[in-house]
Amino acid sequence: DIGPFLPAAVVAIEDRRFYQHGGVDFQGIARAAITYVSTQRAAECASTITQQVAKNFLLSSEQTFDRKIKEMLVALKIETAYSKERILELYLNEIYLGLGNYGVAAASLNYFGKSVNELTLTEAAYLAALPKEPNNYHPFRRTQAALDRRNYVIDRMVENGYIKKEEGDAAKSQPLGVTLRAVSPNTISAGFFAEEVRRE
């Protein structure tokens, strides 16, 4: 029920070779290694969506080579056990998207007041922009940064053939359109409990 835009946006920005690799993107690792050697800074996109699922569900977030190797091995195993659609579903239902939202269904409801299958291109692109650093793309405190990142996602969607350039240009001219859902104090309190239940 997720609609066409959100998976395309997430794959375009998080792991553009998601449907080609077997869980580990060796081309991406090579690019990251070259970037690290030349700049002494870690590169973006060295982890695939499958590796992120492995880390989020089964491993810790410690930054060690040992954990990274385990992540790669688990990702390869996940790819043999699940379809790409199931792996993407696991990822989309687990990721943190800022403002206390875990998963795209909660974020869609709380950012835009609508079900995830009703998201427009611009709304889906904004949600896809959030996993990297949601606090840096706050819709009200960092509006311009949020717009820039959303537009970057749209550009990647055009570049990867998910949408036409005209669609992308039209979408980039739109505002963020975030209207946070008003919740009662009881709902906020219940959220912590509900999140524990969801995690369990």
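Of the 200 residues in this chain, which is shown here as a predicted model, 41% count as buried. The secondary structure consists of 10 helices and zero strands, so that, read from the N terminus on, the elements run α-α-α-α-α-α-α-α-α-α. When contacts between residues at least 6 apart in sequence are considered, 62% of them join residues at least 24 apart.

Helix 1, which spans residues 5–14, is mostly covered, with nine of its 10 residues buried. The buried positions are L6, P7, A8, A9, V10, V11, A12, I13 and E14, and what they pack against is a set of five elements, namely helix 3, helix 5 (84–94), helix 6 (104–112), helix 7 (121–129) and helix 8 (143–159).

Leaving aside residues up to four places away in sequence, V10 touches D15, I49, L88, Y91, L92 and A128. The C-alpha atom of V10 is also separated by 9.0 Å from that of M157, although the two residues lie 147 residues apart along the chain.

How are helix 3 and helix 4 arranged relative to each other? Helix 3 (residues 49–58) and helix 4 (residues 65–81) pack at an angle of about 110°, and their axes are 8 Å apart. Because angles of 65 to 115 degrees count as roughly perpendicular, this is the description that applies to helix 3 and helix 4. On the side of helix 3, the contact is made by T50, Q51, V53, A54, K55 and L58, while helix 4 contributes R67, K68, E71, M72, V74, A75, I78 and E79. Sorted by class, the contact of helix 3 with helix 4 comprises seven nonpolar, two polar and five charged residues.

The structure holds one cavity of 30 Å³ or more, and the volume of the largest cavity is about 40 Å³. Which residues line the largest cavity? Its lining is formed by G98, L99, Y111, L130, P134, N135, H138 and P139. By class, five residues of this lining are nonpolar and three are polar, whereas no charged residues take part.

Key:
Residues are numbered from 1 along each chain as its sequence is written. This is a predicted model: local features need pLDDT of at least 70, side-chain atom pairs count only at pLDDT 80 or more; totals for chains, interfaces and linings use all residues. Side-chain values use heavy atoms; hydrogens and water are left out. Axes are lines fitted to C-alpha atoms, for helices over the stretch in contact, and angles run from 0 to 180 degrees between N-to-C directions. Helices (H or I, at least four residues) and strands (E, at least two) are DSSP runs, numbered from the N terminus. Angles under 35 degrees count as roughly parallel, over 145 as roughly antiparallel, 65 to 115 as roughly perpendicular and the rest as oblique. Contact means heavy atoms within 4.5 Å. Ala, Val, Leu, Ile, Met, Phe, Trp, Tyr, Cys and Pro count as nonpolar, Asp, Glu, Lys and Arg as charged, and the others, Gly among them, as polar. On a 1 Å grid over the protein atoms alone, a cavity is a set of points where a 1.4 Å probe fits but cannot get out, and a pocket is an open set with protein on both sides within 12 Å along at least five of seven lines; lining residues have an atom within 4 Å of a point. Grid points are joined across faces, edges and corners, and a volume is the space filled by probe spheres set on the points. Buried means under 20% relative accessible area, exposed over 50%, partly exposed in between (1.4 Å probe, protein chains only).
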